[in-house]
Structures are given as C-alpha cells and as structure tokens.
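Subject: Structure handover and findings

Dear colleague,

Please find the structure below, handed over for your use. My notes on it follow directly after.

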Number of protein chains: 2
Amino acid sequence: MTPAPGDPAPAPGLIPRDSLLPNLEFPFRDLNSRVTPTECFYVRNHFPTPALTAGGWSLTVGGAVLHPLRLGLEELRSLPSRTVTATMECAGNGRTFLSPRPRGVPWELGAVGTARWTGVPLSAVLERAGLPEVVAAWEVVLEGADRGVMTEPVPSPGEISYARSVPLAKALDDVLLAHEMNGEALTPDHGFPVRAVVPGWYGMASVKWLTAVRVVPGPFLGYFQTVDYAYWEEKDGLPPQLRPIGPLQLKAAIARPAPREVVPCGVTYEVTGAAWSGEADVARVEVSVDGGCTWADAEFLDPPMPHVWRRWRFRWQTPEGPGSRTLLARATDTRGRTQPTCHDPARGSYMITHPLPIEVDVRESSP
Amino acid sequence: MTPAPGDPAPAPGLIPRDSLLPNLEFPFRDLNSRVTPTECFYVRNHFPTPALTAGGWSLTVGGAVLHPLRLGLEELRSLPSRTVTATMECAGNGRTFLSPRPRGVPWELGAVGTARWTGVPLSAVLERAGLPEVVAAWEVVLEGADRGVMTEPVPSPGEISYARSVPLAKALDDVLLAHEMNGEALTPDHGFPVRAVVPGWYGMASVKWLTAVRVVPGPFLGYFQTVDYAYWEEKDGLPPQLRPIGPLQLKAAIARPAPREVVPCGVTYEVTGAAWSGEADVARVEVSVDGGCTWADAEFLDPPMPHVWRRWRFRWQTPEGPGSRTLLARATDTRGRTQPTCHDPARGSYMITHPLPIEVDVRESSP
C-alpha cells in the first residue's frame, strides 16, 4: 500500500486504555500488514499479569476424562505442533462509539489484531487424557493463572480466576494450546508460557496463562460468560436468555483515515481497513463517504483465509471544498450476511459490529 | 399462645418497602397463626400488577410437548384440584440485617408467610399436553403477564416479562397452578387469576399472573435466574458458577420480641417465632438470649408438615437489671443440618439464613 497524502506517521507502540492494568490498544491507523507485529498487538488483562516461569508451569487436564493428567512445558512442547494464523478481537472493541458511553475498557478501533500462533492442538491433549463418548452439550473449561476480585459489572464471589469454556466440538476442532506468537515465545502480557487460541472467536475465549483444562457435562456458568462477556438472546418465543459471547461477528473497520483526521480537499485519498468474521469468509467490503447515503465496493488486498482478516482499500476522491465528512465501511460474507445498521442493545457493550462512523475534517491543503 | 407481657399490639396490615411497586412486608411480630391471613401475606412485585380478567385470561402450554394447548380459566378450574399448605419466603428476606446494606427491597423479617393454595397440579396439565420421554436436564419455564424494564442489578434487554424455570421433575412432582389462596380467589397482587406455587422453594419461583408454561431442554437462562435471583456455587474444583436460587434454606426467625423492642426486667417473656426449610422437616429450634454464647431448646407449637413452617416458643426469664440484649434462634432439620453462623457472600443479598440478631432494650417496668 502506498501511503495516502493525508496519512499520519505511524504511531509507535500501543495506547494505554486503563490506569490499573496493561489494557493496551493497537493504533489501528497503523494497519500496514496482515500479521500484526507482536509489539503492536492489543493486550487485554482482567487481572495483573501472573509471574509464571517455564520450569514452574504445568497444565492440569481433568474433569470428565478417563485419565486426568498433568503436562510440563517441555512435555507440551515435545508434542506435534501446528501454526495457525488467526485474527483476535476484544468483544468490546469499538465501545467508545456507543452513546451513552458504557462502562468497560474504552476501546476505540484497535482492540483487534492478527498473529501466527504455534502450539499443540487441544484435541491431541484431550485424546491423550481419553474422552468418554462425546455428548453434544459437553464443554471444555479453560482456566488461567490470573486471579483477582471483580467489582464491575457485578461483584465477583471474592477472588476468582479467569476462565471460559468452549463447546467440546470446537475444542476438538481447532483450539490451540499456543506457546509461540509470531515465531517467538509468548510475552508475559500475551500469556507466557501457554495460552489458548480459539480461532474465529472473540478474544475472551483465548485464555492466557492457561493452567487447567477440564471437560464438563453441560454449560459452564462462570463469571466471565454469564454476568460478563454474555448477551441476551431471544428464541423459541421465550423471554431473553443469557448466552456467552462466542464467534467473531462480521465486521469491516476503517484504519485510515483515523477518527477526526484532517484530510486535504481535492485529492485521491486511499481509505484502508480490514474486515473479518468468525464463521464465514468475508466476500465483499463497501465504503460510504457520505454517511451511509451511497456505497461503493472496496478492493481486497488479501485473499480469503479462514479466521483471518482481509485488508482492503478504497480510492476516495475527496471533495473540492472544506467540510466534515462521515466515512463508513460494511462487509458481506460468503453466506450473504451483512452487518447490522445499528447496535443491538441486547448485546450490551459487546459485539459492536454496526458500521462505525469515522468523522473527518476535509480542509484546503496548506500551501 | 398467650401474649407475653412485653407483647405489642398487633399492627394492622402490611408495611410498604418500595415507593414504586406494591412490595409489602408482613409485620412479623404479628405471627399469631400457622396460616397467614391473606391481607397480611407479603407481596413482592417486580413490575406493576397486570390487570387481568377471568374472561380474558388463558394459559399457553407449549415448548417440547406433543400437543401444545391453551386453557381458559373455566377449563382450568374444571380440572381436579388439590389444596396444599406451603410457606413462601422472598429470597431476599432479612436483607436489612446485612452490612453494608445491599441494593434490593429492604426487607426486615416479614417477607415470608404461609397460605393454603388450591389449584390444579401442573403435572395434570403437562400430561394433557403430552411429554416425550423425560430427560433429566429438562425444565419448565413459568412466564407471567407482568412486564417491564429492569435497571438493577444490570439493565434488562428492554422490556421483559417475569419468568422462572423449575426442573421438569419438580414440575411433575408438586407444582400447583393455584387459583385460590386461603379459600378465596387470588387477589390481584397475589397473581389473579392463576399463579404457580412451587412448594418448598423461595417465592421467586412461584410466578404470579401465570400465562405461559413451556417445556425446554436444558437450563433456561432468563434474567431472573442469572443476573438476578442467582448465587455463586463452587464445585468440582471449578471456578464459581452461577446457579439459580431454588429450595428454601433452613431458617428459624424470631417474631417476638421485635427488633429494638423494649422488654421489662425480671419477667417471663414468651419469645416466639417460626422455623422452616425447603427440603427436610425442621426437627429442633434453639434460642440464645446472650448473643450466641449459650443456647437452649425452644418448644414447638406446630407438628411437622412438609414445606410448612413450625411455630415455636421459648420462655425467657428476663434480666433483673436494665441493658441491651441480643436474641438469636437457630434450627436443625431431620437430616441434622443447621444454619450457617455467618452470611456467605457468594449468596449476594439472597438466602440470608444465618441467625439474625434481634437486639432488645431491657428496662425497669414503669410503675
């Protein structure tokens, strides 16, 4: 991609979004590669980063397995590994675009990134532990070493560890016990020494500092998938029910121009961004430069690849005269689905996938 | 029971505990009969009382049944009925004894009562609708006509109806579709024309203004059994999980003296109260008049009866000199279980069953 005229210089590093924890946002205007450099990859912590060591770490595999076991890091690393490229997005990415501003980490656009993850398929470890006949409703609970007390959205029952479950079928399909990110050992903030990677799901499922994996019959109803990281779903004519957030929802995001960027009049500006989805490939991206009145197709810069974003660009002939403009992008997937036009309140401050308005200031170029 | 010397005159009616809704508390010091008069029975509303008519009402029976059906009131009343006496207690009864004072209706002691409920067993209606082979995890969702928006403890997804589920086994065992309370048609605030009565469970399960009954496979995760009326349970070494509140927990409560009552020196004061449990009969009640240092057995006034409280009394020889005293009562059930000594924070502001301290002021009798 050639930088467009109004393109700001890439900002180094990450933007802090929390005064207490390392919750760090990728400056999304710096989207210049399909794989995000590790030092630019967003960080979402719920509790302080635990100080784990390679020698002291072990993984407990238990619950409804035939042979509960414990693996050390060397033993895990000695198992056949896979490398998977996957886009990860925080379920609350884009929260600052909601009005009124909800509680939660105030992400703008950059709580999202793509990395190459190397590790051992969870299926290999579960097969080693031995599964009884698999039942549809069974789940696998992924528990991290990070612990603490939650006060928002509701108080936790004292100190709890971070834990999430995935359906057993998903666990056996493509969940990875990753020990490398972009070809290097995980950094402490990204889950050293081992984290789960759940391709195609929001980031909260990819439990960092993974220390326990347990197979449970029926739904796991832990803090981070009931009172947090959940939404309301209405179905079968029943009153709304709480559902844990799972697969990434279809979304296109604009990297450049950045919100409130100053754009010159009468130039060709290369609008760029990325689009992703958890369940089907992105097939089309459209851009509107007039607040959603008209739309035109963008051009893909990357081929489709499961669970990985596709970057795109759109050549915008900016107006001859000054004024403010609102840019939007929207994606369509291979199943013909597109993004909702408004945020559904039943999603709370999560899964924000309506086209986010990027307002820019078009000005005469200074001489 | 003969009134004890310090016994205050019975207060008429109910104590309002909410400025917006008819949330009314039984003045528990007026406990004078095993069955609570309807006009003294506590009222707990989540939304305004819906204006239902006998002619306009109907009950939908659906979900995973073979023959979904709809019943009018006359049709329901024509089915064989049962009369069941059951104690009902709000899950937040006693909340004002917690410190710091939590959110929620500020109940003192009287969000509890016992009534004779007459109606049609839910099992008869479900059998009429036809059940497939019963699966252990199945539930029955009970939905009321009352609707509204919840803001606390978390916002509801817009307007929702009040709904709760019970396990299918419990539904088939003893849940009643009650159309009479204490021998009269239900009053509007008690669920006219038909409410569920779930014997031995906290009151939130006994859905008022019942208009829909649906059989669902697996757990129903509605608002009033996840973000509200739920607690944290730790088991199998897993992080805490959210569980809907269900059966009444063992509890003894002191009716007289009332909190902060003035009691004369050097008299025999008849301490009275009631004790109840959802799952096993109450076998013993003990009273302490010295803040829990020593305990002595109380005497039962009522024989055991499933799901119904037993009143008890204890003759207290009050001190010769003035001072403040703390009275406590605790129950033991037929399984040998007793009450916890402290409130478990994992229960939030629900299931408050530690012995509640009744502080009284012992004074010289005025001449």
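What are the helix and strand percentages over residues 247–341 of chain A, and how many Å apart are the end C-alpha atoms? That stretch is 0% helix and 51% strand, with its end C-alpha atoms 19 Å apart. Helices (H or I, at least four residues) and strands (E, at least two) are DSSP runs, numbered from the N terminus. UniProt, in an unreviewed entry, lists residues 247–341 of chain A as "domain: Moybdenum cofactor oxidoreductase dimerisation"; UniProt positions are given in the numbering used here, feature names are shortened, and annotations may be inferred rather than shown by experiment.

On conventions, this is a predicted model, in which local features need pLDDT of at least 70 and side-chain atom pairs count only at pLDDT 80 or more, while totals for chains, interfaces and linings use all residues. Residues are numbered from 1 along each chain as its sequence is written, chains are lettered from A and ligands numbered from 1 in the order in which they are written, and side-chain values use heavy atoms, with hydrogens and water left out.

Sheets of chain A

Five strands of chain A form an open sheet with mixed pairing, in the order β16-β23-β22-β18-β19; two strands pair if DSSP finds at least two bridges between them. At the edges are β16 (262–264) and β19 (296–297), each of which pairs on one side only. Within chain A, β22 (residues 323–333) and β23 (residues 358–363) pair in the antiparallel sense over five bridges. A:Thr326 has A:Glu359 in β23(A) as its bridge partner.

An open sheet of four strands in chain A has the order β15-β17-β21-β20, with antiparallel pairing. Its edge strands are β15 (251–256) and β20 (299–300), each pairing on one side only. Two bridges connect β20(A) to β21 (residues 310–317) of chain A in the antiparallel sense, and A:Phe300 stands opposite A:Trp312 in β21(A).

Strand pairing in chain B

In chain B, β18 (residues 282–288) is joined to β22 (residues 323–333) by six bridges, and the two strands run antiparallel. The bridge partner of B:Val287 in β22(B) is B:Ala329. β22(B) is also joined to β23 (residues 358–363) of chain B by five bridges, again antiparallel, and B:Gly323 has B:Val362 in β23(B) as its bridge partner.

Interface of chains A and B

How many residues does each chain bring to the contact? Chain A and chain B each bring 26 residues, where contact means heavy atoms within 4.5 Å. The area buried between the chains is about 2,100 Å², with carbon and sulfur atoms giving 74% of this area; buried area is the accessible area (1.4 Å probe) that two parts lose on being put together, summed over both. On the side of chain A that touches chain B, β7 (139–149), β8 (159–167), β12 (210–216) and β14 (241–244) of chain A each supply at least two residues. Of these, β8(A) gives the most, with three residues.

Salt bridges

A salt bridge is a side-chain nitrogen of Lys or Arg within 4 Å of a carboxyl oxygen of Asp or Glu. One of them joins the side chains of B:Arg243 and B:Glu233 (2.8 Å, N to O). B:Arg243 lies in β14 (residues 241–244) of chain B and B:Glu233 in β13 (residues 230–233) of chain B, so this pair ties together parts that are 10 residues apart in sequence.

Kind regards
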